[in-house]
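Please work through the following exercises with the sequence and the model open side by side, and try each task before reading its solution.

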Amino acid sequence: MQVRPLFTTILLTAVAHAADVHVRVSPDVKTGIESTTEYPTIQMAMDHHPFATPNADGTPGRVFIEIAPGTYHERVIVTQNHTNITFIGMGKSPEDVVISNSLNAKQAGGTFFTETVEINGTGFEADNVTFENTAGNTGQAVAVADRADRSIFRHCRFLGHQDTLFADYGRQFYVDSYIEGGVDFIFGNATAVFQNVELHANGPGYLTAQSRTAPDQTTGYVIVNSKVTSSIDHTAAPDSANASLPGAKSIASAKGTTGLGRPWRPYSRVIYINTALPADLDPAGWNNWNNAANEKTAYYAEFSSTGAGANPSARVPWSHQLSSVETTQYLPANFLSGSDHWNPLAEAAKLP
């Protein structure tokens, strides 16, 4: 009878029982070669972490990237083959763990090369982390580009100015989080729900620029049980530094206000449900992006808006005010379910 060496038996036993993997990222890790689970940068952890194995019930394991407090000046890419990744900030609040970069479109050669964090792997999750692009009011500058189905962000902050969050593809759930920007600062064509989120306008422009391209697409943005706040400086002179850019044009047209949204693509869809709106909101609410034809294709709606900016009678006539029954389809359990019956609320509750 052949006898396996002891170290082989131990290794096979470990693999058989392995499922989730926990990786530590901290500035106090000097080189990243001390072990297979400790790294000084987040990207090094992404490049070299062990992969999780399936659980006993066949469900996939998950890789937890546990990030120590600090500001990580790096760009991070979660590639398609890195699925079920969770970033966990180990600080007391999202402010304690910051992933930061400062590229704008002019420096990078286009908007889609500016993101601080790019996410492509299915099942990505983040908890207690800040994502920021510090380029400021210098044109398009993305903090997070998310192209991953079934992604969840809880207790996270997204900081930027123009094009802060590129919610572009797949089903995405943002809960108990904070998103800041000035111009089109949530944009793309994901199927996304923002629940109990603060959208903060730090300059005039539009909160959303959703880009659904056909009426049969299930994509769109739903902002539910949330609030919009503003720190727009009404004493500042108009900014014309980027007058040739669409974002700068939106600043000019907004005239010191923020708007609920405008259509980056003709069938743009955005719905606000039970959300508080500020006095800085343009009473018209929505904009057709200088194309009247968009008024026939875009779908923009509200239900039970509150606050100084809640003014249904002043909204553009081509927008909608929903009934309570009509809102049901847009709640996260329904809007994000899909053919696999994904339950984002249950998944978010599992986060630490």
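Contact here means heavy atoms within 4.5 Å. The model is a predicted one, in which local features need pLDDT of at least 70, side-chain atom pairs count only at pLDDT 80 or more, and totals for chains, interfaces and linings use all residues. Residues are numbered from 1 along each chain as its sequence is written, and side-chain values use heavy atoms, with hydrogens and water left out.

**Exercise 1.** Find the residues that isoleucine 65 is in contact with, leaving aside its neighbours within four places in sequence.

*Solution.* Isoleucine 65 is in contact with Val23, Val25, Ala45 and Met46, and also with Ile85, Thr86, Phe87 and Ile88. A nonpolar core is a set of buried Ala, Val, Leu, Ile, Met, Phe, Trp, Tyr and Cys residues joined through side-chain atoms within 4.5 Å, where buried means under 20% relative accessible area (1.4 Å probe, protein chains only).

**Exercise 2.** Describe how strand β7 is covered and paired.

*Solution.* Strands are DSSP runs (E, at least two residues), numbered from the N terminus, and two of them pair if DSSP finds at least two bridges between them. In β7 (residues 97–101), five of five residues are buried, with Val97, Ile99 and Asn101 on one side and Val98 and Ser100 on the other. Strand β4 (residues 70–73) pairs with β7 in the parallel sense over four bridges, and there tyrosine 72 has isoleucine 99 as its bridge partner. Four bridges also join β7 to the parallel strand β10 (residues 130–133), where valine 98 is partnered by threonine 130.

Note on methods: Buried means under 20% relative accessible area, exposed over 50%, partly exposed in between (1.4 Å probe, protein chains only).
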